[in-house]
Each structure stands twice: as structure tokens, then as C-alpha cells.
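I opened my notebook to look up a few things in this structure, one entry at a time. Come along and check each entry against the picture.

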Amino acid sequence: MEEKYNSQYPDIPFLREKAKKRIPRFAFEYLDGGCNAEINLQRNTKEIRDVQLRPYYLRDYKGISLDTELFGNTYSAPFGISPIGLQGLIWPKASEILAKAAFDYNIPYILSTVGTASIENVADITEGNAWFQLYHPKEAELRDKLIKRAADADYPVLIILADTPTFGYRSKEIINGLSIPPKMSARNIAQIMGKPRWAIETLLAGQPEFKTLKPYIPKGLNLKHLGMFMNQTFNGRLNAERIKPIRDQWKGKLVLKGVATEEDTEKAIELGLDGIIVSNHGGRQLDHGESTIKPLTRIAEKYKDQIKVMMDSGIRTGPDIASSLASGADFTFMGRSFMYGVAALGHEGGSHTISILKRQLRQVMEQLCCENIHDLPKHRIVG
């Protein structure tokens, strides 16, 4: 597909600044922020950018390919779109916009259990090529219903989330009363009035809802009771005993996300999982943990021949993708970069962000004289 590119916004920071001006402050702070003092949020990206790459200028060079094989599919680039909850609150129909862009450009889109599009709708948009991320419910009955819906909709990959045994302590969200719909405090109303385009688009699209979970949420809950319902429903800490029945039920590829240690990687291999995503939830859960690039490098060195090793958290740009792949990732995922794009440019935001990332990654590989993404580790400077 021909790339759509807007030269007014040639890099992700430009999209971020435009998004900040275009959406209410409570929505931007939800998208942009991390937990506690946001230490790990900043560390994630900084330490990816500490990775140094070595170019070889006089080698024979036949051109590059971004094509990447993963779980039997050949994607057009080594990156996909991470799940983000409440996407429709940040920009109306954001989930649908990004799912369509991912399908058009042949990269994976991951739908969150707490997203604002349904399992079935995203399956229709992507013709069964999206992935589904399961927040593990406390009750097995709800877990099984969600898994069955994903299987019936022909999702090829199910992700089970390990890094949310408790919800992160995020001060900005507490102040902003973040929920769906947002708490209508005087503060939030003033923010909405200052962003008329967002308000009009939201009015036209309709109030965002937890579409996948809607059948299971009791009707008539006020904001307080909706929050209580979500907290009580999704407090299912993962362990081996909870993963085993999922592995038995799910016939497609099964991936564990939120891995940060060699120990959890070994357990994933023992349980027969097909892949892991090294992630710290974008710095939104554990402020004093490691950045993702450090455990990714260790895990890839030890286990890459036994399980697919992927990464998200902290990746923002094409050079960040290159550094992550050079450090051993088989594939990468990003959430914030794509949401900056949609919040900034609406329906064109997803495709434009994909174009930016592909152009940047291609330029890095051409500069390095690296013809294939699997050769990027040969360019990493160690030590």
C-alpha cells in the first residue's frame, strides 16, 4: 500500500505536541503519563537510546527488507500496535482507526480487553488478523467467555497479561477522575470546552464504552460502582495454574506479556507458550523497576532459540525499533506513538505514524548497511 505521509509532522515528538494541543488535558495525561514519579517511564526510552550501533560503509549492499516472519505470518515491518485501554476516550474511534491502519499496512494490531472496540468489530476490520490481549478475570467463567469470543472471531494470537496484579498508582488519573465516561468535574468540563474539535468528534461518535466487556457489566452503574466492578473483576494474578487451562483451551499462538526476568521466561517455556513480550506496561505499573531493554538483552541471549522474544515499553521511533531489534528482540510493539498520531491527525494518524516509523527504520538500516532486520544484532556495539 502507498504510504500516507504528512511532512508537517515528520517525527513522533511533533505528533505528541499536536496531540497535546488537540485533546483535553485529562486524556493527554492518561496517554502520556506513568505511575508514581514516572521514573521508569523516562528510563525506558533513555536506556533504549543508550544502545549504540556500528555502521559498515564499504560493504557490498543489495538493499533492505523490513519484511518480518512471526508465528507463520510475514508482516511488512518488525513492529505492531500495542494495546491501550480507553483508546476511544483519547480520540473517538481510535481503536477502529488503528486497527484499519494496521490491516492496510500489514502489521499486527493488539486489542485490549478494556479497549473501546469489541472483539468482533476489530476482527471484521482486520479480517481476523488482529491479536487479543486478555486481562485475566478473577472468575474462570468470564475468562472462558472472552477466550471463546476471540477464538470464534479467528484471532491468531492471544496475549495474557502478567504485569497488572494490581492497578498502578497514577496520581494524575486520580486527580482527573479517569474512567469511561470521564468524571464531569468543573475542571474536566473546562478542559473539554477548550478542545471543541475533540468534543464535536466525541459527540458524533457517541460516548466511548468498554465494548468487549459491555455484555458483562451490570446496567445502570454510576461511575463509582463501575470502578468497583472493574477492580473486583480484574484482580486475577497470573500463575502457572491459571495459565495451564488457557493453554489447553487456546489452539492458536499464546503469548505472555509483562515478562521482566529470566525466571518468568523459563516458566513460559515450560508451560508451552509460543512467545513472550518483555514489557513493564510502559512505565505505568512499577516505577522503580528496570527499563525493558536490559532484561530484553539478557533474555534474548539465553532463550531466543526456544521462544519468540518480543518487546514493548519505551519504544517511540524508528531508531528505537532498530536498537531494540539489535538488542535481541524478534519483534517490537508501541502504543503511545500511534495514539499521538491519531490524537493529532484523526483518521490519518495511524497510517502516517506507520509511514514515519518505516521511513526512519529504513534509513537507519541503510546507514548501517544492514539488509535484513535479523542482522541488526551484528551491528550492536557491546560494552
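My entries below cover a strand, an arginine, a pocket and a cavity.

**Ground rules.** I am working with a predicted model, in which local features need pLDDT of at least 70, side-chain atom pairs count only at pLDDT 80 or more, and totals for chains, interfaces and linings use all residues. I number residues from 1 along each chain as its sequence is written, and the side-chain values use heavy atoms, with hydrogens and water left out.

**Entry 1: strand S6.** I looked up residues 157–161, which form strand S6. Helices (H or I, at least four residues) and strands (E, at least two) are DSSP runs, numbered from the N terminus. Is S6 buried or exposed? I found 5 of its 5 residues buried, so S6 is largely enclosed by the rest of the structure. Buried means under 20% relative accessible area, exposed over 50%, and partly exposed in between (1.4 Å probe, protein chains only). Val157, Ile159 and Leu161 point one way, while Leu158 and Ile160 point the other way.

**Entry 2: partners of S6.** I count strands as paired if DSSP finds at least two bridges between them. S5 (residues 131–134) runs parallel to S6, joined by 4 bridges, and glutamine 133 stands opposite isoleucine 159. From S5 the chain passes through helix H7 (residues 140–152) to reach S6, a right-handed β-α-β crossover. Right-handed means that, with the strands pointing away from the viewer, the path from the first strand over the helix to the second runs clockwise. S7 is also parallel to S6, with 5 bridges, and there valine 157 faces lysine 253.

**Entry 3: arginine 149.** This residue sits in helix H7. Why do I call arginine 149 buried? Its relative accessibility is 15%, so it counts as buried. Leaving out residues up to four places away in sequence, I see arginine 149 touch Ser118, Ile119, Glu120, Thr212, Pro215 and Tyr216 (contact means heavy atoms within 4.5 Å).

**Entry 4: the second largest pocket.** A pocket is an open set of points on a 1 Å grid over the protein atoms alone, with protein on both sides within 12 Å along at least five of seven lines; lining residues have an atom within 4 Å of a point. I noted 29 lining residues, with Ala162, Asp163, Gly258, Ala260 and Asp264 nearest the centre. Helix H12 (240–249), strand S7 (253–259) and helix H13 (262–270) each give two or more residues to this lining.

**Entry 5: the second largest cavity.** A cavity is a set of grid points where a 1.4 Å probe fits but cannot get out. Its lining consists of Glu29, Tyr30, Gly33, Gly34, Glu38, Arg170, Lys172, Glu173 and Arg284.
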